[in-house]
Amino acid sequence: MNKKVDLLKYKKNAELPNVAGIYILENEQNNKVYIGCSRDLRARIATHRSLLLSEKHHSKELQAAFNRNKLSVKVLAVLPHANEALLKEAELLLIQASPHIFPKGLINKRLLKYAIS
């Protein structure tokens, strides 16, 4: 299997769905994940890539993984009819379950604090 195709740097926009859903960005070096949701997965992931390419991403950990070619992208769920509230609820449930699903931890800890409170 060619893991290079999962790397965010090389993933083609056309390979990503342009519908609502949940995605993860995974640091393949330490297996920590960033969980996100969007009404347009393709556009949101393209925004991440653009910020990372220009070295302006808000997450230093994601930026470092991207710079080392260790940041992959995976679509976890496609929810074509989801509204913003349902997307946020699905994202929150995934974040709350993250210690069991992603035992190496989350990159977006800010959301984890929100999910627990």
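Reader: Which residue in S2 does Leu25 stand opposite?

Author: Tyr34. Keep in mind that this is a predicted model.

Reader: How do S1 and S2 pair?

Author: In the antiparallel sense, over six bridges. The two strands form a hairpin with five residues between them. Asn31 sits in the turn and has a positive phi of about 65°.

Reader: Back to Leu25. What is Leu25 in contact with, leaving aside neighbours within four places in sequence?

Author: Leu8, Lys32, Val33, Tyr34, His48, Leu62, Leu71, Ser72 and Val73.

Reader: Which residues touch the most other members of the largest nonpolar core?

Author: Leu25 is one of them, along with Leu8, Leu62 and Leu71. That core has 14 residues.

Reader: Val33 is in S2, I see. Why is S2 largely enclosed by the rest of the structure?

Author: Six of the six residues of S2 are buried, so the strand is largely enclosed. Both faces are covered. Val33, Ile35 and Cys37 lie on one side, with Tyr34, Gly36 and Ser38 on the other.

Reader: Switching to helices. Which residues of H2 are buried?

Author: Leu62, Gln63, Ala65 and Phe66. Down the helix axis, these buried residues fall within an arc of 165°, so they line one face of H2.

Reader: What covers the buried residues of H2?

Author: The cover includes S1, S2 (33-38), H1 and S3. Just after H2 comes Asn69, with a positive phi of about 60°.

Reader: Now H3. Where does H3 bend?

Author: At Ile95, by about 35°. H3 covers residues 84-101, and a proline, Pro99, follows the bend within four residues.

Reader: Is Ile95 buried or exposed?

Author: Buried. Leu87, Glu91, Leu94 and Ser98 in H3 are buried too.

Reader: Last one. What caps the N-terminal end of H3?

Author: Asn83. One of its side-chain oxygens lies 3.2 Å from the backbone nitrogen of Ala85.

Notes:
Residues are numbered from 1 along each chain as its sequence is written. This is a predicted model: local features need pLDDT of at least 70, side-chain atom pairs count only at pLDDT 80 or more; totals for chains, interfaces and linings use all residues. Side-chain values use heavy atoms; hydrogens and water are left out. The bend at a residue is the angle between axes fitted to the seven residues ending there and the seven starting there. Buried means under 20% relative accessible area, exposed over 50%, partly exposed in between (1.4 Å probe, protein chains only). A polar contact is a pair of N or O atoms within 3.5 Å; within protein, one must be able to donate a hydrogen and the other to accept it, and residues adjacent in sequence count only if both atoms are side-chain atoms. A nonpolar core is a set of buried Ala, Val, Leu, Ile, Met, Phe, Trp, Tyr and Cys residues joined through side-chain atoms within 4.5 Å. Contact means heavy atoms within 4.5 Å. The arc is that of the directions from the helix axis to the C-beta atoms. Two strands pair if DSSP finds at least two bridges between them.
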